[in-house]
Amino acid sequence: MDIDALTHPTDPQLATHALTEAAAAAGYAPSIHNTQPWWWRLTGNTLELRLSPTRILQVTDPDGRLATISCGVALHHARIALSAQGWHATVTRMPDRTDSELLARLHLDGRAPVDPASVVHLRTIPLRHTDRRPVTSTPVDPAGLAAITAAVETQDTHLHTLRPDQVLELAAATEHAQRSEAADPAWQAELAYWTGPARPAGTGIPDAAIPQRATRTTVPSRDFGHHGDLPVSAGHDRMAVFVMLYGTADEPLAWLRAGETLSAGWLTATEHDISVVPHSAPIEVIATRQAMRAMIASIGYPYLVLRLGSTDPADTGAAHTTRLPTEQIIDHA
Ligand SMILES: Cc1cc2nc3c(=O)[nH]c(=O)nc-3n(C[C@H](O)[C@H](O)[C@H](O)COP(=O)(O)O)c2cc1C
């Protein structure tokens, strides 16, 4: 760390610019149904990350687990943007017990040497996306899988690679979760809102990102209730690898940290030409979440299942989804 630079006062305009850029980079973060359930408050040298209650899926995600994980990804993207621009920031997670929507506070301490790994990640942020097409027939590179695992592993968050018998269990759990969710008209209405024409501008999942027909898979993909426009091959995703992100606690701080490690893992995967598709249906339903927990012998709590697959580097990939304009998610106090 460049202690000398840190001892120099920070130019307020430069700080505002850096924090605005960080919030803008965070806007590319993936989120459940592309709800982007975050907004930022910028005051002087401080950027606060806040949960946006109107963009939490009340039926699918009543505890805000998936929304908080999504915000954790956004937080990590913002941290990456700051260290790539040569800033040192102190992060305080859940700083106010009386304010559950305040997820984190980023305070700019001053200049620091540019972190080269963050520069690489910052370039990856706009390239990363969810590609729901079947994976290619090339096996996932073990070195890539090891890099993803290393990026995700922290003291509190871990990655478990499912064995073939566990993939079959996952398939059954996903099938069960999707069937029980689809039986609820309120759940169907919520899904239709975020994937249909009434979704708020700049949010939700467009038809361009939803397969035009059912894909051939062992583990069922998210049933969006309708087919989209995304062309898919007749290939089977038998070369996919399924991993489970899990950790030592099941509460908002743990979900936020899980999102941060999801960001680190997903950016690393993209840099290794490995596609990632989250599978959250088995986490959304209590019974199947417990079945997922049994898979890791109850040593932790499951946060998300991810399908990993090799991508063809020459393939431009599936369509990217839109985002809310930056000025709509930053409040300059
Ligand atoms: C916590 C979380 C859960 C998600 N669950 C699913 C899922 O079950 N199925 C799916 O196809 N995509 C899932 N996604 C991917 C989002 O739909 C996707 O990130 C969002 O639409 C934005 O698109 P992008 O990732 O291409 O930028 C999930 C993403 C997050 C962060």
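Predicted model: local features only at pLDDT ≥ 70, side-chain atom pairs only at ≥ 80, totals over all residues.
**The interface in numbers**

- Contact between the domains involves 35 residues of domain 1 and 35 residues of domain 2.
- About 3,000 Å² of area is buried between domain 1 and domain 2, and carbon and sulfur atoms give 68% of this area.
- On the domain 1 side, His33, Arg65 and Ile69 together supply 24% of the area buried against domain 2, which is more than any other three residues.

**Polar and charged links across the interface**

- There are 17 residue pairs in polar contact across the interface of domain 1 and domain 2, with both residues at pLDDT 80 or more.
- Helices α3 (65-84) and α4 (116-124) each bring at least two residues to the side of domain 1 that touches domain 2.
- Salt bridges between domain 1 and domain 2 number 3.
- A salt bridge joins the side chains of Arg79 and Glu260, with an N to O distance of 2.4 Å.

**Arg289, a buried charge**

- Arg289 sits in helix α10, which covers residues 286-295.
- Although Arg289 is buried, it has no salt bridge.
- The nearest side chain of opposite charge belongs to Asp63, at 4.5 Å from Arg289, and a salt bridge would need a nitrogen-to-oxygen distance within 4 Å.
- Leaving aside residues up to four places away in sequence, Arg289 touches Asp63, Arg65, Pro282, Ile283, Glu284 and Pro302.
- One of these partners, Arg65, is also among the three residues named above for their share of the area that domain 1 buries against domain 2.

**Pro252, in helix α8**

- Pro252 belongs to helix α8, residues 252-271.
- Pro252 counts as partly exposed because its relative accessibility is 36%, a value between the 20% and 50% cut-offs.
- Beyond residues up to four places away in sequence, Pro252 touches Thr68 and Met94.
- Pro252 and Met94 are 158 residues apart along the chain, while their C-alpha atoms are separated by 8.4 Å.

Technical notes: Residues numbered from 1 in each chain as written. Heavy atoms only, no water. Helix = DSSP H or I, 4+ residues; strand = E, 2+ residues; numbered from the N terminus. Buried < 20%, exposed > 50% of the residue type's maximum accessible area, 1.4 Å probe, protein only. Lys, Arg positive; Asp, Glu negative; His and termini not counted. Contact = heavy atoms within 4.5 Å. Buried area = accessible area lost by both parts, 1.4 Å probe. Polar contact = N/O pair within 3.5 Å; in protein donor to acceptor, adjacent residues only side chain to side chain.
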